[in-house]
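Subject: Structure handover and notes

Dear colleague,

I am passing on the structure we spoke about, together with notes on what was found in it. Please look at it first and then read on.

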Amino acid sequence: MSEAATLILSASWVLPVVPRGAVLEDHAVVVRDGAILAVKPREQALAEHPEARHEHREGHALMPGLVNAHTHAGMTLLRGIGSDQPLMEWLKRYVWPVEGRLLSPEFVNDGTRLAAAEMLRGGTTCFSDMYLFVGDAAAAVDASGIRGVMGLTVFDFPTPWAQTPDEYFQRGREVVETWGDHPRIRFTVAPHAPYTVGDESMQRVGERARELGVPVHTHVHETAGEVEEAVSNGGERPLARLARLGLLDQPFMAVHMTQVSDEDLALLENRPVSITHCPESNLKLASGFCPVARLDQAGINLALGTDGTASNNDLDMIGEMRTAALLAKGVSGDAAALPAERVLEMATLGSARALGLDHEIGSLEAGKRADLISLDLTSPELQPEHDPHARIVYAATREAVRDVWVDGRALLADRELLTLDLEAIHASAVRWQGRVAETLQACES
């Protein structure tokens, strides 16, 4: 599509997300120069733009692309290692030893390409990442056509990417210098967790995020053990410490938050804080349950993420929506908690808001970027045709995703990836599978 061309995308149902729960029948999204020009009845759009190319999807729902608010995309090459272990055992016995030997620019680039292929095929058009060798992950974002929010990761201990806190911040500056003008790449500043980043580095994180005008993105209160250890060692809960350091007074993404006391809730309310819920990873690692219904009632912005495939084990946002909705009902004892249209909003506009991108993506509104997906709702498993939101959240799988556009550019057409070579990606994954297996064997011997 040339820059001057107009594209009209229409479907049996358009789910714009704004207003919440809206279902527009026989509507169209008019796209020009990578942006949404209008959302209006199909016949009106065709009459007003006779020169436009028109693509119609009968029996499909057209909606904003899903926004995965927390991933470790390069870790896709570690999918499933050390399964069925608690968080710290999994990290110390499996993940960190393998990363110590294999983590490299090639590892992260190949892993992120594999992740991008999976996410695009599942309807994710934007993801927020937290990993190392960030520039190599950004290169994979550039190649795939997906939208990426790259976390400028900080630890207080050495990794293959950096040895000291100063070096982590310098690496982050280099990434911003290289990729800062890219139209599909944005940033967060991403200290790994309160237990791996000290006060001095955390304060520097806040300063750097304010300089860049971006959110802070970190794991917080992932497990009860994390909170108990922090109280034992320092006398305060991690969230209280972050508040004391001023980090909750600026855009802040708290990932996981399975432990929320009344005092924690008071710290979260009326602050620019978003909670990124990763229900399947939390369940698999037995980390606990984020009380999303309670947080929602308190007016706190909710985002949705998959976490990495090493702990999930997929990047399937449609599956994550279903788990989030069902878990919210079970944990709260309220069948009305997190209804289908609310969890779909959480996976689109809520995640975009957490990332500071709600003015660009997350809903189908004039002026926003044309990041859209179409889902085929004609299969027997999705019949009869009642509420499309409920069909997508409670019955659909990611195989229903047929088409994906980012900035109005088709990246998936009838489930065929247009920007990534699946054969090459598969061959790369097989090579890394062998190297990871050898490394695990060496670590255990």
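This is a predicted model: local features need pLDDT of at least 70, side-chain atom pairs count only at pLDDT 80 or more; totals for chains, interfaces and linings use all residues.

Residues are numbered from 1 along each chain as its sequence is written, and side-chain values use heavy atoms, with hydrogens and water left out.

Domains

The protein is divided into domain 1 (7-64 + 369-414) and domain 2 (66-355), with bounds that come from an automatic or database domain assignment. The C-alpha centres of domain 1 and domain 2 lie 29 Å apart, and the contact (heavy atoms within 4.5 Å) takes 27 residues from domain 1 and 31 residues from domain 2. Between the two domains about 2300 Å² is buried, and carbon and sulfur atoms give 67% of that area; buried area here is the accessible area (1.4 Å probe) that two parts lose on being put together, summed over both. Of the area that domain 1 buries against domain 2, Val393, Tyr394 and Arg398 supply 31%, more than any other three residues.

The UniProt record, an unreviewed entry, lists residues 62-410 as "domain: Amidohydrolase-related"; its positions are given in the numbering used here, feature names are shortened, and annotations may be inferred rather than shown by experiment. That span is 43% helix and 18% strand, and its end C-alpha atoms lie 14 Å apart. Helices (H or I, at least four residues) and strands (E, at least two) are DSSP runs, numbered from the N terminus.

Cores

A nonpolar core is a set of buried Ala, Val, Leu, Ile, Met, Phe, Trp, Tyr and Cys residues joined through side-chain atoms within 4.5 Å, where buried means under 20% relative accessible area, exposed over 50%, and partly exposed in between (1.4 Å probe, protein chains only). The largest nonpolar core has 114 residues, and Ile275 and Met321 have the most contacts inside it. Helix α3 (residues 105-121) gives this core its largest share, eight residues, and at least three residues come from each of domain 1 and domain 2. A second, separate core of 12 residues includes Leu7, Val31, Leu62 and Ala370.

Annotated and neighbouring residues

Glu222 is placed in the loop between β9 (216-220) and α7 (224-234) and is buried, with a relative accessible area of 5%. Apart from residues up to four places away in sequence, Glu222 touches Leu87, His256, Thr258, Leu285 and Ser287. Asp307 is found in the loop between β12 (301-304) and α12 (317-332), and counts as buried at 4% relative accessibility. The side chains of Asp307 and His72 are joined by a polar contact of 3.1 Å, that is, a pair of N or O atoms within 3.5 Å, of which, within protein, one must be able to donate a hydrogen and the other to accept it, and residues adjacent in sequence count only if both atoms are side-chain atoms. Thr306 also lies in the loop between β12 and α12, and its side chain makes a polar contact of 2.9 Å with that of Asn68.

Best regards
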